[in-house]
Amino acid sequence: MFTLIKNAEIYSPDQMGVNDVLIAGSKIAAIQPNISIPKGLPDLMEIDGSRKLLAPGFIDQHVHIAGGGGEGGPVSRTPEITLSKLTLAGVTTVIGLLGVDGITRSIAELLAKARALEEEGITAYIYTGAYEIPTRTLTGNVRSDLVLIDKVIGTGEIAISDHRSAQPTLEMLTKLASESRVGGLLGKKPGIVHIHIGDGKQGLSLLFEIMKNTDIPITQFVPTHVNRLDRLFDEAVEFLKLGGNIDLTAGITKENESPHALEVHEALEHLVEVKANLDRVTVSSDANGSMPRFDKDGRIIGIGIGSITELWKDIAKAVRKKVIPLPTALALVTRNVAELLKLSPAKGIIAVDSDADIVLLDKDYNIDTVIAKGKLMVQNGQALVHGYFEE
Ligand code: ZN
């Protein structure tokens, strides 16, 4: 099966000018101007890419693919995500994870959901673990999950600085990080620990202490939700300057999170001001996770659900506001994530021999077409392929 995309402006995510892109099977076979196809080639589909921007498919490293939540009791357990929700948001690679509920949710369930999404046409991995330490695993510990289960590429989301965390001590978190690190080495995986940072008093202090007191490298941790509070974000900037990676959460607003929260475009504006290394910054959606609100006494007063459409919406907003140029914006959900999670060069870039995971944007940066592993999933903003039980 061949697909030829004609005359698209290519962002690899770097700007590469107008080219044709030839897809053979699930891979990109050629990128050059005026590719001509021999007559009689069977199974050729042509897509008009003129007036379109062609980018790598997005990688979302924080999605509760099998559902999450539950802070408001069983009724508030959030549902699984469906294939078309992901593809309509431009996401062609997803990393699934558990959250606060490691009791009624399991790594087995998460693994099965990742395999289902893979069969439905996109690429899916998972983190082992949940908020708590000792954390949830499939084989008994984090190290062996990483070594033995192909789809497990890291550990997360482990909660710190949150009233819903296990209140881990320095020793507990250090031990977990070393298990994840060694498991990653033995299993040839990134082995990173994806850290949920809550709005608690401790902020990133545990991570700074580990840096100071142990030999675990700073790159072992990826703190996320760091834009939920300005004081937390200041610490994250420090973490970034020390050589760490940070992950922003899309969909956070002053209304749904805190008057002291930073929207993605505001966080990015600040990072540009302080000349931070944006190559080490990523954005994820926290889709299908719960967004509970608590009063000052810790009582739950409302609960929402994270949406994957916020991912590109928030990043595109930063481009429209001219906070960052398009290549830098795209890298936040393509190349930067692929490098962090050792998925490149197959993922996160437009290059010959990389996977044919492609998003076509219109000139207003709206998602028009999505191709996953060479298969057309979305066209004219409409899903062509649906999940197994999707209506
Ligand atoms: Zn979280």
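This is a predicted model: local features need pLDDT of at least 70, side-chain atom pairs count only at pLDDT 80 or more; totals for chains, interfaces and linings use all residues.

Modeller: The residues of H6 that are buried are Leu232, Phe233, Ala236, Val237, Phe239 and Leu240. They lie on the same side of H6, because the arc they cover around the axis is only 160°. Helix H6 itself comprises 12 residues, 230-241. From the first C-alpha to the last, H6 reaches 17 Å, close to the 16 Å expected at 1.5 Å a residue. After H6 comes glycine 243, which has a positive phi near 105°.

Helix H2 may be described in the same terms. With 14 residues (107-120), H2 should span 20 Å at 1.5 Å a residue, and the 20 Å between its end C-alpha atoms agrees with this. Its buried residues are Ile107, Leu110, Leu111, Lys113, Ala114, Leu117 and Glu120. These pack against helix H1 (83-88), strand S7 (91-96), strand S8 (123-128), helix H3 (142-148) and strand S18 (375-379). Just after H2, glycine 121 adopts a positive phi of about 130°.

Helix H1 contains threonine 87. This threonine 87 counts as buried because its relative accessibility is 0%. Apart from neighbours within four places in sequence, threonine 87 is in contact with Ile122, Val370, Met377 and Val378.

Definitions and conventions
Residues are numbered from 1 along each chain as its sequence is written. Side-chain values use heavy atoms; hydrogens and water are left out. Helices (H or I, at least four residues) and strands (E, at least two) are DSSP runs, numbered from the N terminus. The expected span of a helix is 1.5 Å times one less than its number of residues. Buried means under 20% relative accessible area, exposed over 50%, partly exposed in between (1.4 Å probe, protein chains only). Contact means heavy atoms within 4.5 Å. The arc is that of the directions from the helix axis to the C-beta atoms.
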